[in-house]
Amino acid sequence: MSDHEVDEQALLNLITQDPGLPRDNPTAAYWQHIPHRLSNAQSPSLPQTTDVAVIGSGITGVSVAKTILEQDETATVTVFDARTLCSGATGRNGGQLAINAAESYLKLKKMMGVEMAGKIIHFNLKTLEALRRIAAQLASVQDSEVTDVVKIRSFKDEESFRRVREGIEALEADHPSLRGLYTVLGPEACQQEHGVHGVSGAVLHSAGTVWPYRVVTNAFDDLLSRYPSRLSIETNTPVTEVIYSASSLDSKNPYILTTPRGIIRAAQVAYCTNGYTGHLLPALRGALFPMKGTMTVQDLTAIPSIPNRGSTTSWAIHYPPFFDAATGGLADGLIYGMQNVKTGWHFFGGEKSPPEQLLSSDDTILSQSSVQFLQESLDSLFGLREPARKLVSAWSGVMGFTSDTLPLVGKLPSTLTGRDGQGEWFSGGYNGYGMPSAWLAGESLGLMILGQSPREYLPEAYLISEERLRERLTVTRSMEYLSEA
């Protein structure tokens, strides 16, 4: 987003504005078209107190709740969502169980060093395996349709393809245990073996696909059946304010959370709010900012040349980000997709929209330019000259991005919250890759809330610290990051 393409002040205003609460009546995500029975779960009346208030009911929120309930036999947990259960980013994402190690490794190595860069990659792989396990364990509730596939990451330009090969070489040289993670393909093999057209090359790696909404709602269903007296799920109950009152008569629960249904007192508060975090934590605005993505479901089953590869393959298309001066649209450089095994429909996401739509927390609005771009991209990917496709569904979702491109996990200092208490926690800012980070990040956050150490495999670079907040999590860094995108 160079200066001549996007007004710098306008960009600054977008990333530092109040994201607000999740909006009513969001675009309808296909994943949620059959609501779970807990979709609108609510206690007859709001509990008066709780040990841990978890704000957000996505993948992070359920992981935090699960960890606390399983590790502490007496702890009570209350989960809040401004809308229905799992109606945010997790219930709107691309269903991808995939890492981006080859594309990110060189930047991670430069920023964090060889050892930490490798630890992050291993953590991503471990998180995906944990997700597979939990989805399999709860499959009897509702099938999460976990499928092991090979992901073909294709590159439209030679320079991007060269850089990813360099990333793989460095990754394998620095971390021998990760050798063989990737296979490199030339353009001919892409077309002949995988039906992918018009690319400079690709890399293959093991991946998976999943119905993300079902993983989370199944997990909540399981937790509520096991801990009915200690877990409360309060959907359609936005938390509008958090106050710390040390002089309160209830000193055990010094946090006062205000909602439209009344107040609740809590001993500790976990923010699992991702792109909306800046609303309740204004000091994070700009260092953590929302970015909206678009997802589509496209039916290409009438095209004989497009087989159902859902049981074997998922896709990504990498291209140089660009600004379309004619439409004012910014294309972010990545399209990702999967194919549903049962229907044969293609679930593809990506973005090409004006900055005010891209850097937005409003998922009630659908970017028509992005939808068109995704349809055209599938035509190009599969070499379709006369496409016979139809749009089944399209929706938007709000992600959380950080200025240093790494997730944030841990205790929030009073310098950030503006409150004296030491019981506020956060996990989020997954930069578009929540699936390979959020579950185990949430697990470690839950342990820390209980006074334990995070898992040894959680990268220390993810932890919240005064130094990181001062040096790497800044509005200036966010502006630099967006300018380079």
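## Trp315 and Phe382

Trp315 and Phe382 are both buried, where buried means under 20% relative accessible area, exposed over 50% and partly exposed in between (1.4 Å probe, protein chains only). The model is predicted: local features need pLDDT of at least 70, side-chain atom pairs count only at pLDDT 80 or more, and totals for chains, interfaces and linings use all residues. Residues are numbered from 1 along each chain as its sequence is written, and side-chain values use heavy atoms, with hydrogens and water left out.

## Aromatic pairs

The whole structure contains 15 aromatic pairs. Rings of Phe, Tyr and Trp (its six-membered ring) pair if their centres lie within 6.5 Å; planes under 30 degrees apart count as stacked, over 60 as edge-to-face and the rest as tilted. Tyr30 and Phe347 make an edge-to-face pair, with 5.6 Å centre to centre and 75° between the planes. Because Tyr30 lies in the loop between helix H1 (8-16) and strand S1 (49-55), and Phe347 in strand S15 (residues 346-353), this pair ties together parts 317 residues apart in sequence. Helices (H or I, at least four residues) and strands (E, at least two) are DSSP runs, numbered from the N terminus. Tyr30 and Phe347 are both buried.

Trp315 and Phe382 also form an edge-to-face pair, at 5.6 Å centre to centre and 85° between the planes. That pair links distant parts of the chain, 67 residues apart: Trp315 is in strand S12 (residues 313-318) and Phe382 in the loop between helix H10 (368-381) and strand S16 (390-402).

## Ring cluster and charges over rings

Tyr30 and Phe347 belong to a cluster linked by ring pairs, together with Trp31, Trp211 and Trp345. Arg214 lies over the face of Trp211, 3.8 Å from the ring centre. The charged end of Lys126 sits over the ring of Tyr457, 4.9 Å from its centre. A charge sits over a ring if NZ of Lys or CZ of Arg is within 6 Å of the ring centre and within 35 degrees of the ring normal.

## Cysteines

There are 0 disulfides in the structure, a disulfide being a pair of cysteine sulfur atoms within 2.5 Å. The closest cysteine sulfur to that of Cys272 is in Cys86, 12 Å away, which is too far for a bond. Cys272 counts as buried at 11% relative accessibility, and Cys190 is buried at a relative accessible area of 0%.

## Ser232

Ser232 lies in strand S7 (residues 231-234) and counts as buried, at 9% relative accessibility. Leaving out residues up to four places away in sequence, Ser232 touches Ser43, Pro47, Val77, Thr78 and Val79 (contact means heavy atoms within 4.5 Å).
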